[in-house]
Each structure stands twice: as C-alpha cells, then as structure tokens.
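Subject: A structure for you to look at

Hello,

Here is the structure I promised to pass on. Please open it first, and then read my notes below.

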Amino acid sequence: MHLDKDIIDTLPDSYQIEHITVKPNIILAPMAGVTDSTFRRMILAMGGCGLVSTEMTNAASVSPKACKRHRLLDFLPEERPLTMQLSGNEPELVAHAARTVAELGADVLDINCGCPSPKVTGGGHGASLLRDLPKLERVLTAVRKAVDIPVTLKFRAGWDEESLNYLDTAKIAEACGMAALALHPRTREQRYTGEADWSRVAEVKQHVSIPVIGSGDVKSAHDALHRLHTSGVDGVMIGRAAMSNPWIFMQIAQLRRGEPIFEPTSADKCELLLTYLEMCLSDMPEHLALNKMKQLIGQFSIGLPYSTDLRAGVQRAKDAATARELITAFFAPHMEMDDVGALAA
Ligand SMILES: Cc1cc2nc3c(=O)[nH]c(=O)nc-3n(C[C@H](O)[C@H](O)[C@H](O)COP(=O)(O)O)c2cc1C
C-alpha cells in the first residue's frame, strides 16, 4: 500500500467547519471513557492532530452545574478547536443542552448518531436515531436553530445490513444545516466487528457538498493517507489506534513531509506511559488516574512482547506508585536491548 510522494502532495491537508479551519485534517475520534481532557492534551502535545472531541455526553445530563460535577465537558484553552459531542433524541432537550455546550465554550457541537451500546440505543439515542430519520431531522433542526456554533453529525452506515441508510442520513443532515459529517461505516449491528467499509464513506462524499470525514480501522500513517487518497474524503478520524499508538498523528505528518516515520523505542514508550500517568494524577484523584492508566495500557501494550504480566500487574495495582514501578521494571530490560541493538547497528 505504498503511496508516492507525488500523490501524497495532492492530498488535502485541511478542511473548513464553517469558519473553523481544521488543519491538519486528521482528527481524534470521540471515545467515551477515553478522550477526556487529559488524553486529548497528551495527543495534541505530540502534534499532527487538527481537532479533538469530548466523549459523548447525554444531553439530559448537561447543565452548567452537572458539568462541573461529572467533568465530561472540561477542557483547557490549548485544546481548541474543540468539539463537544451530545447524544439525545428529544429535540427541545438536545437544543437546551446545545445552548449550554455553546456557553461552555465549544467551538463545534457534534450530535451522536452512531453509538451502538444497548444502554444508549435503549433510550432511543445514538445509533437508534438511524431507525427514525424523521426524529433525527427534528433533533438536528432544533439544535441548528438553538446555537450559532457549527453543528456536525457523526453517524453509522445504518442499523443493520438490511437497513443501510447512510446516504439518506447524510442528505437529511446536510439539509438541516450540518457543517460537516463523520461516518463510521459499520452498522450498529456490527458494533466493532468486521471491517469498516470505506466505499460507503466515498459514496457519502459524492452525494453531499459539506465536508465528509471517515472513521474506522485507520491503524497506521499509511492507512490514513491511503484512505484520504482512495475515498476522496476531507479528513480522517482516528480512534482506537490513538490508544495503541499515540504517535500516529505525528507519524502521519512525517509521512506527508516525506520524512522517516518515528518509531518509538522502549524508552519512548515507557516515558509516554509515565508522563500520561503524571498528567492523570495532576488532573484527577489517584483512583481515577489509576483507572485511566489501566485503560490505556490495555490497548497500548497490545503487541509488546511479554506484556501479559505488565497488563495483569497494572490491572491489580492499588496505587499509582505500584503502577509506576511495574511500568519502569517492564521496560528496563527492553531499553537495555534497544541500547545493545543501537550499538550493534
Ligand atoms: C472505547 C470507545 C468509545 C467510543 N465512544 C464514542 C463516542 O463517545 N462517540 C462517538 O461518536 N463514537 C465513539 N466511538 C467510536 C469511535 O469514535 C470511532 O468511530 C470508531 O472506534 C471507529 O474508529 P477506529 O477504528 O479508529 O477506532 C467509540 C469507540 C471506542 C472504541
């Protein structure tokens, strides 16, 4: 899947969400439980990511008071431009939450029409709206009227293979005044199984005139540029790969510039985990910071040789000091091997 520099140079590197320029056009996908302010700042600090989003927040829980309590919509100025994502299915309630989100300082409001979790779809939110497009239309119309900030929609290809309605959904969203669309081209029934069918993203791009972003299975810098090239989309979203390889955004920028792609050493990996742990500790109580570490290490250590014990050890850890020790001890022999390799090279 090699891409010539000549082709890379023709790929778009930015797009507009109304007055907001997203540059580079590589975006951190919203991930509930993951993309909080700490995670977003870790990704942004490495460069190469043009837009970040909060985790999905239930519109019913959004009020300035509640937001202080649950922190889902916390952010720092260096995260801008920032998208805040809401879920909901009652037009007036979502519109009310939209106004609050705009007051809290969101640059972009995104409506979730893709979450497959039964807890969310059971309440008629998320991907459930794909089964009731007139309701989706009412929600989007109400939200569009309620706020001046750009509103975008993130959606799936349909509820199941028998009811694929991504083109209808995209056209309705455009007619309702959405400023951009992001499609994760799996169905709700697929959840995260099978493969993301990017031909659906390419189809949407052909049928609307607002920016279209593709989301799904982008695992490397090559994947990202390959998707931009073959689907003609305006931008690419990266979700799970941001946890297993937080350097991916930076690597995409390097590939574009024709530079060698940074391959993190064991020392880099160790430092990143420890830095993230310290960031979490300064942002939240220790038990929550530890949970965040457990979550990241689950994805991050996939593919690291002999990492089962590290994962299991950190999962059992009762405090941050233990997690720190386990991480340092795990990487020490790897770092020595890297050093020997570097000397031999
Ligand atoms: C743990 C997790 C949480 C997610 N939470 C959200 C969410 O809150 N809002 C949303 O629109 N999508 C959510 N998604 C979907 C991602 O944004 C993305 O569309 C999907 O994971 C496919 O991209 P990927 O293959 O790059 O991960 C979530 C995905 C994961 C794995």
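**What I found**

Histidine 207 is partly exposed, with 13 other C-beta atoms within 10 Å. By the rule used here, a residue is buried if 20 or more other C-beta atoms lie within 10 Å of its own, exposed if 12 or fewer, and partly exposed in between, with C-beta atoms placed from the backbone. Histidine 207 belongs to helix 8 (residues 198-207). Helices (H or I, at least four residues) and strands (E, at least two) are DSSP runs, numbered from the N terminus. From C-alpha to C-alpha, histidine 207 and lysine 171 are 7.5 Å apart in space, although 36 residues separate them in sequence.

Two notes before you go further. This is a predicted model, in which local features need pLDDT of at least 70 and side-chain atom pairs count only at pLDDT 80 or more, while totals for chains, interfaces and linings use all residues. Residues are numbered from 1 along each chain as its sequence is written.

Eight strands form an open sheet with parallel pairing, in the order 3-10-9-8-7-6-5-4. Two strands count as paired if DSSP finds at least two bridges between them. At the edges are strand 3 (26-28) and strand 4, each of which pairs on one side only.

Eight of its eight residues are buried, so strand 7 is largely enclosed by the rest of the structure. Six bridges link strand 7 to strand 8 (residues 180-187), and the two run parallel; arginine 156 has histidine 184 in strand 8 as its bridge partner. Strand 7 also pairs in the parallel sense with strand 6 (residues 108-113), over five bridges. There, leucine 109 stands opposite valine 151 of strand 7.

**Helix 4**

Helix 4 (residues 91-104) has 14 residues and reaches 20 Å from its first C-alpha to its last. That is close to the expected 20 Å at 1.5 Å a residue, where the expected span is 1.5 Å times one less than the number of residues. Its buried residues are Val94, Ala97, Ala98, Thr100 and Val101. Seen down the axis of helix 4, these fall within an arc of 165°, so they line one face of the helix; the arc is that of the directions from the helix axis to the C-beta atoms. Glycine 105, with a positive phi near 110°, follows helix 4.

**Around the ligand**

The ligand is surrounded by 22 residues, and the closest are Ala29, Ala32, Met56, Gly239 and Arg240. A residue counts as near if its C-beta atom, placed from the backbone, lies within 6 Å. Strand 4 (52-58) and helix 10 (240-244) each supply at least two residues of this shell.

**Backbone details in the loops**

Most residues other than glycine have a negative phi, and most peptide bonds are trans. Which bonds are cis here? One joins lysine 23 and proline 24, with omega about 0°; another joins arginine 80 and proline 81, also with omega about 0°. Proline 24 sits in the loop between strand 2 (20-22) and strand 3.

Glutamate 18 is not a glycine, yet its phi is positive, about 50°. It is partly exposed, with 16 C-beta neighbours inside 10 Å. Arginine 191 likewise has a positive phi, near 50°, and lies in the loop between strand 8 and helix 8.

Best wishes
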